[in-house]
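Have the structure open as you read.

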Amino acid sequence: MDHLVEVSSRSAPHDAHHPLFAPLRASVPAGCSFVLGRVAQSLDGYIATRSGESMWISGPDDLRHTHQLRALCDAVVVGAKTIRADNPRLTTRLVDGPSPVRVVLDPDRRLNDTYRVFHDGPETLLLCAPEMAGVARPGTAHVLPVSRGPAGLDIEAILELLRARGLRRIFVEGGGVTVTRFLAAGALDRLHVTVAPLVMGGGVPAFPLPPVTRLEEGRRFAWTAHQLGADILLDIPLARAA
C-alpha cells in the first residue's frame with residue numbers, strides 16, 4: 001500500500017519548463033516507456049454525466065494543461081468511447097509544441113470513419129484485436145493488431161508496439177476506463193487528477209475499479225497539489241509494476 005504524505009500547494013504551471021513537467025522532460029531509456037495518465041473529475045468523483053456529457057467539467061486552465069501534456073509526449077492514447085463521446089482532435093492547439101501521434105484503442109472496431117481524429121491533424125494509429133485488423137481502415141488511420149488481455153487489449157503489448165515505433169513518452173488521456181486499465185495493470189509512472197469545484201450527484205465514475213471490503217485494501221497515494229484556475233491538479237507519482 002502506498003503512503004499518504006502531506007499535500008503541498010504550489011503555483012499553477014504556466015509552461016513546459018515548470019517543475020511539474022520535469023518527469024516528461026527527462027530522458028527515457030531505450031526499451032522503456034514513461035506513461036502518464038490523466039483524468040478530470042468533479043468534487044464527488046465523476047468524469048461525465050450518466051448520458052456521457054463531460055465538456056467541460058474542469059476549466060480552461062486544465063484544458064491548456066492537457067494540451068501541454070500532449071506537446072511533451074510522443075503519443076496520446078484514448079479509448080473508443082472517448083472518441084465517440086467527444087470527437088476530439090487530440091492536438092496542441094492551445095500551446096507551443098508538436099502534436100503527438102494519436103493512438104485509438106478500439107479492440108472490436110466499433111468506430112466508423114466520421115470522427116475528426118481519423119482525418120485531421122497528425123498521424124493516427126488505431127489498435128485493435130488481431131481478428132479485426134482486416135477491416136477497412138477508417139480515414140487515414142493506420143490499423144495495427146494487438147493481442148487481447150483479460151479486459152480489452154493487452155497493456156504491455158500496446159506499450160511494446162509503441163516503443164517499436166519510437167514512441168516512449170505516452171500520455172493516456174482517457175477515458176476513465178482506459179486510464180483505470182493502465183493503472184490496474186501497474187503501467188502508469190504518473191497520474192494527474194484534476195478536481196473541479198463541481199458536485200454532480202452521480203454519473204460516470206473516474207476510476208471504475210472493484211470496490212474494496214476493508215479500508216486497508218485500498219491504495220493511498222503521495223501527491224502534490226497545484227492550482228489550475230478554479231481547479232486543483234493532483235500530481236501523483238506511481239511505482240511501475242516489475
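Let us start with a charged pair: Arg-148 and Asp-108 form a salt bridge, with their closest N and O atoms 2.5 Å apart. The term salt bridge stands for a side-chain nitrogen of Lys or Arg within 4 Å of a carboxyl oxygen of Asp or Glu. Arg-148 sits in the loop between strand S7 (142-145) and H4, while Asp-108 sits in the loop between strand S5 (101-105) and strand S6 (124-128), so the pair ties together parts that are 40 residues apart in sequence. Helices (H or I, at least four residues) and strands (E, at least two) are DSSP runs, numbered from the N terminus. Asp-108, Glu-131 and Arg-148 are linked in a network of salt bridges.

A word on the source: this is a predicted model, where local features need pLDDT of at least 70 and side-chain atom pairs count only at pLDDT 80 or more, while totals for chains, interfaces and linings use all residues. Residues are numbered from 1 along each chain as its sequence is written, and side-chain values use heavy atoms, with hydrogens and water left out.

Now turn to the interior. In soluble globular proteins, nonpolar side chains tend to be buried together. The largest nonpolar core has 34 residues, and Phe-182 and Leu-188 are among those with the most contacts inside it. Such a core is a set of buried Ala, Val, Leu, Ile, Met, Phe, Trp, Tyr and Cys residues joined through side-chain atoms within 4.5 Å. Helix H4 (residues 155-164) gives the most to this core, with 6 residues. Beyond its neighbours within four places in sequence, Phe-182 has contacts (heavy atoms within 4.5 Å) with residues including Val-35, Ile-155 and Leu-188. Phe-182 is also one of the buried residues of helix H5 (residues 176-184).

Finally, look at strand S9 (residues 190-195), where 6 of its 6 residues are buried. Strand S2 (residues 34-41) pairs with S9 in the parallel sense over 6 bridges, while strand S12 (residues 231-237) pairs with S9 in the antiparallel sense over 6 bridges. Pairing requires that DSSP finds at least two bridges between two strands.

Methods
Buried < 20%, exposed > 50% of the residue type's maximum accessible area, 1.4 Å probe, protein only.
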